[in-house]
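Me: Could you walk me through this structure? I am new to it and would like to take it step by step.

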Amino acid sequence: MNESYSGGCQCGAVRYHVEGPPSGVSICNCRMCQKALGNLTGPFASFKARVAWTRGAPKLFRSSDRVWRGFCADCGTPLTYQWGEGGNPALTIGSFDEPERLLPTVEFARDNRHPIFEHYDAMVVEPLGNTDEERDILAVLRSFQHPDRDTDSWTVGGQ
Ligand SMILES: [Zn+2]
Ligand SMILES: [Zn+2]
């Protein structure tokens, strides 16, 4: 059986599939990745196989003369990093259905690493649903997030 991976954005308007194994799994601490993902680091997996868009396609923002960054135009989930106009995009690790299958082995731009990565274990651990109030909210909360698997049909926003 071939190794393969699927994923997509939070709302489910954009879904992808790609055959593995990945050719590279990395995080990048550069300021461009931080800004593009609204996050502290840019975790990406790249593949030799062409990424197939199985539902929708990302909108592209050209962040430099060489790089295009893709995101869902409906929900804003950052999805891709693409070098060159027709390049095969790398995919954000967090958007995969099983992100735990992709472990970065390379760190780019360590000189810009956010201070939190030296202090992860010093943080107070606060489980979700720790208080009665939170438990009450979680009990009735209706998620509109696409499930972590392919679906035959899907209505964005849960209507
Ligand atoms: Zn979306
Ligand atoms: Zn970067």
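Predicted model: local features only at pLDDT ≥ 70, side-chain atom pairs only at ≥ 80, totals over all residues.

Me: Is Cys33 buried or exposed?

Reply: A residue counts as buried when its relative accessible area is under 20%. Cys28, with 12%, falls below that cut-off. Cys33 has a relative accessibility of 2%, so Cys33 is buried.

Me: Which strands each supply at least two residues of the lining of the second largest pocket?

Reply: This pocket has a volume of about 160 Å³. Among the residues that line it are Cys28 and Cys33, along with Gly24, Val25, Gly42 and Phe44. The strands that each supply at least two lining residues are strand 3 (22–28) and strand 4 (42–47).

Me: How many charged residues are in the lining of the second largest pocket?

Reply: Its lining includes Phe108, Tyr81 and Ser46. By class, there are 8 nonpolar and 4 polar residues, and the number of charged ones is none.

Me: Which residues are closest to the centre of the largest pocket?

Reply: The largest pocket holds about 360 Å³ of space. It is lined by 21 residues, which divide into 8 nonpolar, 10 polar and 3 charged. Closest to the centre are Gly8, Thr77, Thr92, Gly94 and Ser95.

Methods:
Residues numbered from 1 in each chain as written. Chains lettered and ligands numbered in written order. Heavy atoms only, no water. Buried < 20%, exposed > 50% of the residue type's maximum accessible area, 1.4 Å probe, protein only. 1 Å grid on protein atoms, 1.4 Å probe; cavity = no way out; pocket = protein on both sides within 12 Å on 5 of 7 lines; lining within 4 Å. Points joined across faces, edges and corners; volume = space filled by probe spheres on them. Nonpolar A, V, L, I, M, F, W, Y, C, P; charged D, E, K, R; others polar. Helix = DSSP H or I, 4+ residues; strand = E, 2+ residues; numbered from the N terminus.
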